[in-house]
Amino acid sequence: MLTRPALPVIVFFIALLALFAALPFVGGPYAVKFATRLMVLAIFVVSLDLLIGITGLVSFGHAAFFGVGAYAVYFVSPDYEAGNLALALAAGVALGGLAALLVGSFAMLTKGFYFIMVTLAAGQMLFALFHDTDIAKGSDGAYVNVKPNLTIGGKTLLDFDSPLQFYFFTLAALVVVYFALFGLARSPFGRALQGIRVNETRMSALGYNAYLYKLAAFVVAGAVAGFAGALFACIDGFVTPELLSWHQSGLAIMMVVLGGAGTLFGPILGAFAYISLEDLLKTASLVGEFVSSHWRLGTGAVLVVAVLLSPDGLAGFFRLFGGARAAPASAPAAATAADRPARRAKALSTKELSRNFDALAAVSDVTIRFEPNLVHGVIGPNGAGKTTFTNLLSGAIPPSSGHVDIDGRDVTGWPAHKIAHVGLGRSYQRTNIFGAFTVEENCALAAQARHGGVLRLTDGRWRAAETEKVAHALAVAGLSDRAHVVSSKMSNGEQRQLEIAMLIASGADLLLLDEPLAGMGPEETSRVVALLRDLTRDHTIVLIEHDMDAVFAAADTLTVLVQGKLLAHGTPDAIRKDEAVLEAYLGHHAEKSGARA
Amino acid sequence: MIAADDILHAEKIDTFYGPSHILRGLDFRVGRSETVSLLGRNGMGKTTLLRSLMGLTPPKRGRIFVGGRDMTGARAGIIARAGVGFVPEGRGIFPNLSVEENLTFAERAGVGGRRDWTKDGVYEIFPRLRERRTNWGNQLSGGEQQMLTIGRALLSNPDVVLIDEATEGLAPKVRDSIWETLRLIARKGVAIVVVDKNLDDLFDLADRHVILNKGEIAFEGTSRDLKDNPDIVTRLLGV
Amino acid sequence: MSLALIQILNGLQNGLLIFLAASGLTLVFGILGIINLSHGSFYMLGAYMALTLTSFTGDIFLALALGAPIAFVFGMAIEWLFIRHLYNRDHLQQVLLTFALILVFNEIQQSVWGSHPLSIPTPSYLSASIPITGSLSYPVYRAALMLICLGLALAMVFVIQKTRVGRMIRAAESNREMVEALGFDARILFRLVFAAGVTLAATAGILAAPVESAYPGIGDRVLIVSFVVVVIGGIGSIRGAFVGSLLIGLADAFGKVYAPQFSAIIIYALMALVLVMRPAGLFGRA
């Protein structure tokens, strides 16, 4: 998760801030203008990092919101006198945010390559709007003849016409934007965005409405980009449609990655580095005639090499100097597993549940009731439909017919994140955790899902309860001493324990576990089996497994599925002796060899 | 120690799916012209072993030998050309190619230039395929697709064929014809590693049975050994 | 009425040319799974190469005969140098690398050919016009262009459906792993497919050179339109690319005449509409 930058970084930026603050007094007007342009660009690029680095949305149309914000200033500025500065900036924010809302509302329905395409096309559509039509003077560009100022009661408080005032305003704006976005990324809302970046399916399964979160991030980023655009319009008082082009979007992405996506400060470095590199390569006196007239070749080549060699960017360079994490708050002592009060958990039942895939009946007419506070094993030979069955129960896919009930409440056809809110949690055949985050952060995301709406910006009154839940879950699952380990670095068995811990932290008391013991050695297996037995105190567990020894040790009831149909249901001992079951597993061999007990 | 007549040998391999440790220090060998059955419940590592031998899911530790040559880490294409045929679970036919094209695709001389198997030969064994030769792969029934996959594997004239769940979900008559085909292949001297559940058919076909449990070999023996130990069968394969 | 007929012909000709470029893009997507932003650059380089080769050989078709193999070899080189490192990388890295390639190619174009629009005349033996109605006629070269594009489209279908390479391409599209398990090296196939995509784009650029001037931004336009076509038609579908290209070609031609300010916007609106109704494209696999 995003943490406070390491000390070397903080020192570096304070030095940089001091440098920029001193610049107008030592440098000439060209230097001031250049630096202003840098800072405006930096604001724009930081807003893009909220999308790319924090939320994982690779948007190829972000420059369009920048451009729209710039044009907003043109729209609200009177022809021959200074407009209202507050109005101009607000217009930039509003128009950028509005455009982002319109584009985002249907871009967020797409993923991956399609998302990149849709944002690219949307950006180009806005470009075409300003370039081809006469909504704002078309391809010639438009002028903001007099820069806006802030005049109250006849006194001019702030005038963008003054390069110095404008410079310091922009510097202050950059600092404020950085801290605001940093705070946003660390808030519950921002943590959810980061979770979506790392594992969106898991977030939905935990109960987060990913669409709304992504849309909100998109709009915020668009609004900030619009703000940057509005500032840009005030640098030279000239706006052109080129500001919206996908080339600008591409360059912005380049700066984000060059600097280090996801750090928020990295892209600022990336912007500075790229613009400086560009300027350097254009200066014949420094690099010679050939290079300066072909500077684009230089920047392109640098970028190609950068991508091929390192995915971490300039921020990664800083990490070399010890990226000390902020010391975590120590977890309060949690009730040990044995102290937990027993609690009636939920019952799960199905009625004539069926699911077809074209002609294949994956699950047919399964009617069953899983009683509370027990471990129910679901077994069956290959192709029995067990995973489809699990997907039906958790809402990952809708049934073709039949019903699913949780404690008498019909949840048939509910989407995954809605069912999660009724107390059902599931784990996956392949471990599906947030590998990039620590054990504690994984559980915190699970715990956070239950409280507050999408725009939960402060930890608020739920924080204490959630911290408690996380500590409790870790204690029950036996992972308290691994709380700060990055989860992708743990063994397979520990990752499975983490999966269970996350479910406990989310408050789910009806657990659906799909092959939790796959690929585990004997000691890990017995540890997890012991955990499952312990959890029946306050959970109902439905367990799909093939490890028969473990299933017999863990389960109170066994359900046998064969080719999608329910073959038998009963205690493990009864199932073991059941002829039909033996036949299903061993074929007609069973009766011939007398394999029956 | 690699026996001179081993066509396949997996030496102490460890194979993972992400962090999941599926095969644990496994030693598995197949002799030339030998038929070995691979048994075990789901998730015990049978498919993973076949895929490791084929180079599709390379082991993280250990070595793979094909025909006595060290092929550890080799791409599947190289291993296939070294004489290994693959009949995967789910059949893996090309749905957008016709039956004829599926077969032509794989047609190749075997190691040493042998051409025991030809397209006509395959159509002889599977007359149904000849009838359907212009149909697209996805227009075939399950049994026909199975025949196609087996025929396709044979057309590369392999020294050993890896067959994963070839009779799953097929009608009894179709199953019988497939077992018949496997017996034919064995008679022609091609080694076979077969994963299946039908113990009786496997008892007839296989020289040796290997049962996997949790990524390790839990039992290895002849059909006689298994018939004499029904409790092993129940414990490792049943419930 | 006859004006509409001219527009239909223009739209079809435009669409067929777009198809040539877009088919290369959809092949690369469908088989290699790569987002290649530099695809438009290959069209541009083809267009400029046509200028040089035509002045060298004196004939556009000779230029094509020389240019296509050059483009193919160039494509193989680019795949070997850069693209093959992207197969397991995420979208962001693919986007960045291929975007950087655009910068490099743009610079090469500028250095060699400069930034003024350049054009070549249509070949003298094809510069007549076919009379359509009393007052309107249609240029022979454009008609020839349509025939050539159609011919190439048919050739493409032939190669894919009837040749060994085509079989491998179809097989790789549905089950890459099985192709390997049957003894083939998918990496060589990828190199060939990428080179083919580059050649198709460059060919389109060469053929178009006599009817539209080459200017530095030409690659961008082709790239975006190709992307829109691929999204509309469905990733990996040649048929979809064909239908999508004709749709876009016609929409563009009519848009330019009847609503010039909005012609670009119409294209994106069309794409948005298709995405909403069929997220995988008209012929795509979900």
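Predicted model: local features only at pLDDT ≥ 70, side-chain atom pairs only at ≥ 80, totals over all residues.
**Entry 1: chain C overall**

I started with the element count. Chain C has 11 helices and 2 strands. I then read their order from the N terminus: α-α-α-α-β-β-α-α-α-α-α-α-α.

Next I looked up the dimensions. The C-alpha trace of chain C spans about 65 × 45 × 35 Å along its principal axes. I checked the radius of gyration against the globule rule. A compact globule of 286 residues would come out near 19 Å, and chain C has 19 Å, so the two agree. Of the 286 residues in chain C, 51% count as buried.

I also looked at contacts in chain C between residues at least 6 apart in sequence. Of these, 76% join residues at least 24 apart.

**Entry 2: where chain C touches chain A**

How many residues does each chain bring to the contact? I found 29 residues from chain C and 33 residues from chain A. On the chain C side, α4 (91-113), α9 (218-233) and α11 (263-277) each supply at least two residues. The largest share comes from α4(C), with 14 residues. I sorted the chain C side by residue type: 22 are nonpolar, 6 polar and 1 charged.

**Entry 3: a sheet in chain A**

I traced an open sheet of 4 strands in chain A. Its order is β6-β5-β8-β9, and the pairing is antiparallel. Which strands stand at the edges? They are β6 (360-370) and β9 (409-410) of chain A. Each has a single partner strand, so one side of each lacks a neighbour in the sheet.

I then followed one pairing in detail. Strand β5 (residues 348-357) of chain A is joined to β6(A) by 7 bridges, and the two run antiparallel. Leu353(A) stands opposite Val366(A) in β6(A).

A helix packs on this sheet: α16 (residues 386-394) of chain A. Helix α16 touches β5, β6 and β8 (401-406) of chain A. Its direction makes about 60 degrees with that of β6(A).

**Entry 4: helix α19 of chain A**

I checked the length of α19 (residues 463-477) of chain A. At 1.5 Å a residue, its 15 residues should span 21 Å; the end C-alpha atoms are 21 Å apart, which agrees.

Then I looked up burial. The buried residues of α19(A) include Glu466(A), Lys469(A), His472(A) and Leu474(A). What covers the buried residues of α19(A)? I found α18 (439-448), α20 (492-505) and α21 (522-535) of chain A among the covering elements.

Last, I looked just past the helix. Gly478(A) follows α19(A), and its phi is positive, near 75 degrees.

Terms used:
Residues numbered from 1 in each chain as written. Chains lettered and ligands numbered in written order. Contact = placed C-beta atoms within 7 Å. Nonpolar A, V, L, I, M, F, W, Y, C, P; charged D, E, K, R; others polar. Pairing = 2+ DSSP bridges. Axes fitted to C-alpha atoms, helices over the stretch in contact; angles between N-to-C directions. Rg over C-alpha atoms; globule rule 2.2 N^0.38 Å. Buried ≥ 20, exposed ≤ 12 C-beta atoms within 10 Å, placed from the backbone. Expected span 1.5 Å × (residues − 1).
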